[in-house]
Amino acid sequence: MATLKEKRTCGQRCEDFGRFVWNSDTGTMFGRTPEKWVYISLYYVAFYVIMTGLFSLAIWTLMYTLDPYTPDYQDRLTSPGVMVWPPTYIEEDVVLSYNTSDKVSQRKMSNCLSNFLKPYNDTSQQSNRNCTRGEYFKQEKFEAPHHTKYSCRFTQSMLGRCSGLDDPTFGYNGTMPCVIIKMNRIINFLPNNGTGMAPHLNCTILSGHDNIDMIEYFPTNGTFDLSYFPYYGKLAQPTYVNPLVAVKFHLVKERKAKIQCRVVAHNIAYEDSYEPYQGKVVFLLKALK
Amino acid sequence: MRYTTSVTKGLTSSKAEEVLERDGPNELLPPKGTPEYVKFARQLAGGLQCLMWVAAVICFIAFGIEFSRGTLGCFDDLYLAITLITVVVVTGCFGYYQEFKSTNIIASFKNLVPQQALVIRDGQKNQINAMDLVVGDLVEIKGGDRVPADIRIIFAQGCKVDNSSLTGESEPQSKTPECTHENPLETKNIAFFSTTCLEGVATGTVINTGDRTIIGRIASLASGVGNEKTPIAIEIEHFVDIIAGLAIFFGFTFFVVAMFIGYAFLEAMIFFMAIVVAYVPEGLLATVTVCLSLTAKRLARKNCVVKNLEAVETLGSTSVICSDKTGTLTQNRMTVAHLWFDNVIHAADTTEDQSGQSFDQSSETWRSLARVAGLCNRAIFKPNQESLIVVGDASETALLKFTELAIGNMMEYRERFKKVVEVPFNSTNKFQLSVHELEDPMDLRYLLVMKGAPERILERCSTILIKGQEMPLDEQWRESFQTAYMDLGSLGERVLGFCHIYLNENEFPRGYKFDSDEMNFTTSGLCFAGLISMIDPPRATVPDAVMKCRTAGIRVVMVTGDHPITARAIAANVGIITEGSETVEDIATRKRIPVEQVNRRDARACVISGGQLKDMSSEELDEALRSHPEMVFARTSPQQKLIIVESCQRLGSIVAVTGDGVNDSPALKKADIGIAMGIAGSDAAKNAADMILLDDNFASIVTGVEQGRLIFDNLKKSIAYTLTKNIPELTPYLIYITVSVPLPLGCITILMIELATDIFPSVSLAYEKAESDIMHLKPRNPRKDRLVNESLAAYSYFQIGAIQSFAGFTDYFTAMAQEGWYPLLCVGLRSHWEDVHLQDLQDSYGQEWWVSVIEICQIADVLIRKTRRLSIFQQGFFRSVDVDSMEQMSLTPYIQSYTPCYVSFMKGWGQWWFVPIPYGILIFVYDEIRKLGVRRHPGSWWDQELYY
């Protein structure tokens, strides 16, 4: 390859580059004449304008074809997730830890819960209906004003001793803290596949059995009432609130326990170890002195 | 004696053993082979391989950083690094295996039959293995033997050797004990290793053995010349430069952007690395290797063995072929081409099988002529051989074969005409005669038959046979003889004259003592029978192949040691000199002007002999090569062959050289691709060459050219494809970093796409058929037609890549939206999306998602799979001129190779598969419009900007 292997000095290379930048013989700049640069730029501008136009058209078509009430596919979201409040983490694990003698740490926990419960106060829930307990609240039509559907009322007071109404500290001033368990909402999800059995919360102690004296559920039995299902989506039910279950733990001795709270229903999966928040939540409850 | 040997008894066995111990065996050591591990290492150290090594190291570093920070989300980087290394090693093994195999094929040529030598030791004649010869040994050689070492002749009888493998001279050299010249190559008393003794016997002492022989020295000289880089290696390096430049440019840009947006330094660094790695074309290496080795395999089936895989492509860019004549263009055997008798020139059949005789054989003259040709002939068929193997000099062999076909069973025919006496050919009288008894036992006359140089024969004749009648040889007949002789001579053929006479019964009765030295019999007043001319005819496939070369824009230059006239005749015959082309001399003759007055530019053809070449400066040679498209070099020496090759290379050509002799090996090395002959080629030539033609057939070269061009085209397509894919792989990152959408494309996904989808197309690309016009285009100009050029990069990146990116994002947003995440919600969602502490992230419909579901939901996994599909449409359409055939050939393999991937990747995600199809159609239409423009308006702005 004698033809290609001419060794060129740095000076020659620089010169070549200089000629590439501006070649006075052909009037080219970076390999093209200014005129050609204008042409090629125009070509690319036109190309990208058209492409952007087509892309916008595609997205517009997409939005146009989407159903505003329900997503087209729910295959990724078949079973609801469950979360505990207050959601405080240490690394990957949920750890609810407070100091019984430290007002600041108590207030942090209680404030979190009272903030969380704000949408559930009586004034917010005023517009929602009192639904018949114990049965699904199915609505085929948009009967509520502004072409929406009715949502059922879930008030703070339903959480009894954990409502924060009587005890604004939610028990964090002592050894009987409240936690609130929320089940994620999924459009058109019917717990127990419409058999009429209400799902309920069941908390079990994974370790530290001796440290918990008693578990109280509010509402009683930890039931998520059927009237809150199905959920019809943000657009149809703008005032919908998730049903909640509050749990009050009576801590004794070391005041420390690992707890798993699971929503019991046939069609709520919980066994997948890769998905720790599916159908259940595991947390460590710690009350320091 | 210098060699402690005896002229009669030779060495003693013990002494011989001692010398053997000291000097080693008498054989050419194979050129110091590269150790196998170095060969393997070389496979791992090409341009692309280096790029991948760097990428792997970067991956390890990124992995290390993440590991030490304890933020190890996944082992992506580690897997990536391991995969990269695996790809390099696997393709390396593959390439190594290929080369190993072809080396083996070549090695199998050597030592087919161990050479024997007749040696005199301790006064005894022994057949020993030529390997065991030592300096001082006394050896005997006879006609047909290969000279076993460099030998100084001490006794010779009519000994002639063929030095063509050493010097390229095709004339046999006679060897005598006298020292006639200082230069060992010129002197008559030294016979060289590996040359062939044609006739006679000789005895001599061995003066050099093994690598110290002349041939050994030439061989080791040639192997000392370093291998030049192949064009494809240069192209790939160029490509790697571009890729590396782009990768670092983009990576750095992203790095700056990421830092600007507020990422931590290390995180930005990881982005940088991810981008650099995303740029590495993992599949390309496999493509190149697969392409090259499949083609090498295909070529091997057509009798071309490729020693160096990359040489396959070199052949494709070849613009000049310097071809040998003998054996490559011709059949390498003298064949009777024409006969002149009854004052008419008859043409004989010169095809390889010589099936039919095309002339009228009824004439009496023909019978006499055939009888003379058959009887006055010393060539014989080797007895006890299945096939007809002839022993004898080339023209006698030709005559024997010819008469065998015409008369049949020559051996028996000669029995019938018992030979009485014979005078062999010698250079003073230039004829050969023999006297025979007649077939008819009642006829007691003797028949004297004679053949030789036509003018000498004619001198001795007084009559001429015309239609079986003896006519007096008058001026008129002499005139027509001259014409015929000139005509045949100008065809480059070797002409022999034949005559006979019935000796007078009374003067030479039975039992007459004929004396071959005294010549005590009539040798004049003979009866002229006719002329027979012979030539080494071109192979049947060659004219077609030369034609193909010409349409493919490749010059075929003939370089031969033969006579200019013969060379020219063959060149005209095979089409190297086309019909109607004239040399300067032709024009001069036609116009009746002196040669000096002819405008050299008018002459298309040019025949330059070695003598003329010697007086030319290199500029003059360049000028001659430039101004005459049709060149023939005759009577050239090996050194001149090298000069011619260098001159062609100076003119910017990629030169292929064919050769067989040891003397060709420097030229073979110097050439961009050296092609050695498998049958006639010497080991030295084979060692120096990059490719070996097992059947010595020129036509095979043309096949190789076609395959080489195909590879270049396919690689270009493959690279366009690879480059295109980079953009849709990068833009998700860009959008991820700048607009903060959830990451559309994970590292592993990219890897899967790269490997799973790159290698299949690679394989199918290697099988892709040639575009129909591949052999109608000019060879590529290595300086201008690069594998990757600006317009290819621009087209891939900024046009097709852009369309694919848009397609990808459409798909991404579609998938996200259909799962519940509207495009506008996606923007800026990243921090929430990746927040492992957020278990109720709300989508556009108010549904709440927990983190694990989100991770699984790398919806856009589908994205690139989709964009790859686009490439299916795009694939193969890149350079098409013949759209229809392209469509068939590119779509079928793609659908085949993609189908299995589809199935395993689908898992209910198939719906998003169809989203980018409109974009696919768009790419297809766009590319077709582009090509239409390129085809319709060659040279226009459109062509310049959009053709690559």
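Predicted model: local features only at pLDDT ≥ 70, side-chain atom pairs only at ≥ 80, totals over all residues.
The interface between the two chains was examined first. Chain B contributes 58 residues to the contact, and chain A contributes 56. Together the chains bury about 4,900 Å². Carbon and sulfur atoms account for 61% of that area. Polar contact is found for two residue pairs, both at pLDDT 80 or more. On chain B, several elements each supply at least two residues to the side that touches chain A: α7 (231-261), α26 (790-819), β28 (848-849), α29 (851-856), α32 (917-936) and α33 (941-946). The greatest contribution comes from α26(B), with 14 residues. By class, this side of chain B holds 30 nonpolar, 18 polar and ten charged residues.

An unreviewed UniProt entry places a "transmembrane region" at residues 42-66 of chain A. In the model, that span is 96% helix and 0% strand. Its end C-alpha atoms lie 36 Å apart. For chain B, an unreviewed UniProt entry gives the feature "transmembrane region" at residues 44-65, 77-97, 239-263, 269-292, 733-753 and 909-926. Residues 77-97 of chain B are 100% helix and 0% strand, with end C-alpha atoms 30 Å apart. Residues 239-263 of chain B are 92% helix and 0% strand. Here the end C-alpha atoms are 32 Å apart.

Most peptide bonds are trans, and most residues other than glycine have a negative phi. A cis peptide bond joins W85(A) to P86(A), with omega about -5 degrees. P86(A) is placed in the loop between β3 and β4 (89-90) of chain A. F218(A) and P219(A) are also joined by a cis peptide bond, with omega about -10 degrees. The loop between β8 (212-218) and β9 (244-251) of chain A holds P219(A). In chain B, K467(B) is not a glycine, yet its phi is positive, about 50 degrees. K467(B) lies in the loop between β17 (461-466) and β18 (469-472) of chain B.

Terms used. Residues numbered from 1 in each chain as written. Chains lettered and ligands numbered in written order. Heavy atoms only, no water. Contact = heavy atoms within 4.5 Å. Buried area = accessible area lost by both parts, 1.4 Å probe. Polar contact = N/O pair within 3.5 Å; in protein donor to acceptor, adjacent residues only side chain to side chain. Helix = DSSP H or I, 4+ residues; strand = E, 2+ residues; numbered from the N terminus. Nonpolar A, V, L, I, M, F, W, Y, C, P; charged D, E, K, R; others polar. UniProt positions renumbered as here; feature names shortened; annotations may be inferred.
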